[in-house]
Amino acid sequence: RGVRSLAKPGMLAVSLISGSAYTLPSRARAPRMDAAVAKDAAFGASHTSFYTDAVAKASYETLGEVLEAKCADPELRSVLGTMFDGCGTITEALRKELVTVAEKQESVFGDVQLGVDVLADDLMWDICKTEPLIKEGASEEEPEVREMHADGKFCVCWDPLDGSSIVDNNWAVGTILGIWGAETGILGATGRDQKASLVALYGPRTTVFVTLDDGVYEFTYGANGVDGWLCSRDRIQISQESKIFAPANMRAAQDLPNYAKLIDYWMTNKYTLRYSGGLVPDICQQFTKRQGVFANPTSESSPAKLRLAFEAAPFGLLVEKAGGKTSDGVSGASILDTKITGIDQRTPLCIGSASEVDRFNLVLGLGK
């Protein structure tokens, strides 16, 4: 059961470049450090790196094994497997395709579409057309819900390639997916009605974070020489406290003195800034670092850009299921309780470690 990790210190290996054999170096034993000192050293302006605490395992479970054990609904299990296949295909395309403007521009919002945008979106539509369990599909590229199969069981909403404005920089981008049951559909439902959500992060490697029956899991594509997905983190938990912040829409701070005050608090208290301008990496770091806060308030001159159905609701389900908290940026209530009244509905958002989301609500005067 599972897939065994092969690379170990002291093993004889073969160079992929020269083909010659060599021995992997043994890991040097680091000097011990008092736990409290080590924790303090991780924070502050002069200590800005948060290293991973993931420890190598002797073996890793495959996607199929985990879905079988942790997703009781066989039909949902099938749809999730299909979506993982799609994320794998997008991964391969991103590795090979040049980032250029698409010949045919079809965005109804007037956004310039890139070839990789269109490729990813076309793939998602193809999946919906060929998967009989999908009743309805909706893409962030087009503001409409389309019927795929009248007797389907699920409605899928996606942002095919979030981060188009930074993909030409070769920065991390992602795919965001929300899955609702046919009984609620997407319009008129809330984020809390989702059956599952998943987010793919395309960086130096591809990882997918997905909600299963007992929590949030991370899967890595093509790791350890495996042609497929391995479970690299299970039942992820986001801590209540955080020292990492990602302040989006900082233009709004010019109109919202309290947002400027909150950013100043984070900086004065030597929080670590981790912000790329890509929604997917800026929130997904909360799962790997087990802490963090992403804030995106809005103002009259800097209105909401995040889409509720395509971005905020799927991420909201993931973060809350991992023990984090969300705010709708208006009343201070959970983003999962906001009704989806339009497929292109926009929303402010704060999401992440509970204490920092509470601080956001308090400083911005929400929920009074």
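Predicted model: local features only at pLDDT ≥ 70, side-chain atom pairs only at ≥ 80, totals over all residues.

Reader: How many residues sit between strand 10 and strand 11 in the hairpin?

Author: There are 2 residues between them.

Reader: And what stands opposite phenylalanine 209 in strand 11?

Author: Glutamate 218.

Reader: OK, other neighbour. How does strand 9 run relative to strand 10, parallel or antiparallel?

Author: Antiparallel, with 5 bridges joining strand 9 (residues 194-202) to strand 10. That pair is a hairpin too, connected through 3 residues. Within it, leucine 201 stands opposite threonine 207 of strand 10.

Reader: Is strand 10 (residues 206-212) buried or exposed?

Author: Buried. 7 of the 7 residues in strand 10 are buried, so the strand is largely enclosed by the rest of the structure.

Reader: Which residues point which way from strand 10?

Author: Thr206, Val208, Val210 and Leu212 point one way. Thr207, Phe209 and Thr211 point the other way. Both sets are buried. As background, side chains in a regular strand alternate between the two faces of the sheet.

Reader: Switching topic. What is the strand order in the open sheet of 5 strands?

Author: The order is 14-13-15-17-16, and the pairing is mixed. Strand 14 (272-273) and strand 16 are the edge strands, each pairing on one side only.

Reader: How many bridges join strand 16 to strand 17?

Author: 3, and the two strands run antiparallel. Lysine 325 stands opposite glycine 352 of strand 17 there.

Reader: Which residues of helix 9 are buried?

Author: In helix 9 (residues 354-363), they are Ala354, Ser355, Glu356, Val357, Phe360 and Asn361.

Reader: And what follows helix 9?

Author: Glycine 365, with a positive phi near 70 degrees.

Reader: Now glutamine 286. Where is it found?

Author: Glutamine 286 is in helix 7 (residues 279-288).

Reader: Buried or exposed, that glutamine 286?

Author: Buried. The relative accessible area of glutamine 286 is 0%, and the cut-off for buried is under 20%, so glutamine 286 qualifies.

Reader: What lies 3.1 Å from a polar atom of the glutamine 286 side chain?

Author: The backbone oxygen of isoleucine 351.

Reader: Which residues does glutamine 286 touch, leaving out those up to four places away in sequence?

Author: Ile238, Gln291, Gly292, Val293, Phe294, Val319, Ile351 and Gly352. Isoleucine 351, the residue with that backbone oxygen, is one of those contacts.

Reader: Which residues line the largest cavity?

Author: Ile90, Ala93, Leu94, Val116, Leu119, Ala120 and Leu161. Helix 3 (74-96) and helix 4 (115-130) are the elements that give two or more residues to the lining.

Conventions: Residues numbered from 1 in each chain as written. Heavy atoms only, no water. Buried < 20%, exposed > 50% of the residue type's maximum accessible area, 1.4 Å probe, protein only. Helix = DSSP H or I, 4+ residues; strand = E, 2+ residues; numbered from the N terminus. 1 Å grid on protein atoms, 1.4 Å probe; cavity = no way out; pocket = protein on both sides within 12 Å on 5 of 7 lines; lining within 4 Å. Polar contact = N/O pair within 3.5 Å; in protein donor to acceptor, adjacent residues only side chain to side chain. Contact = heavy atoms within 4.5 Å. Pairing = 2+ DSSP bridges.
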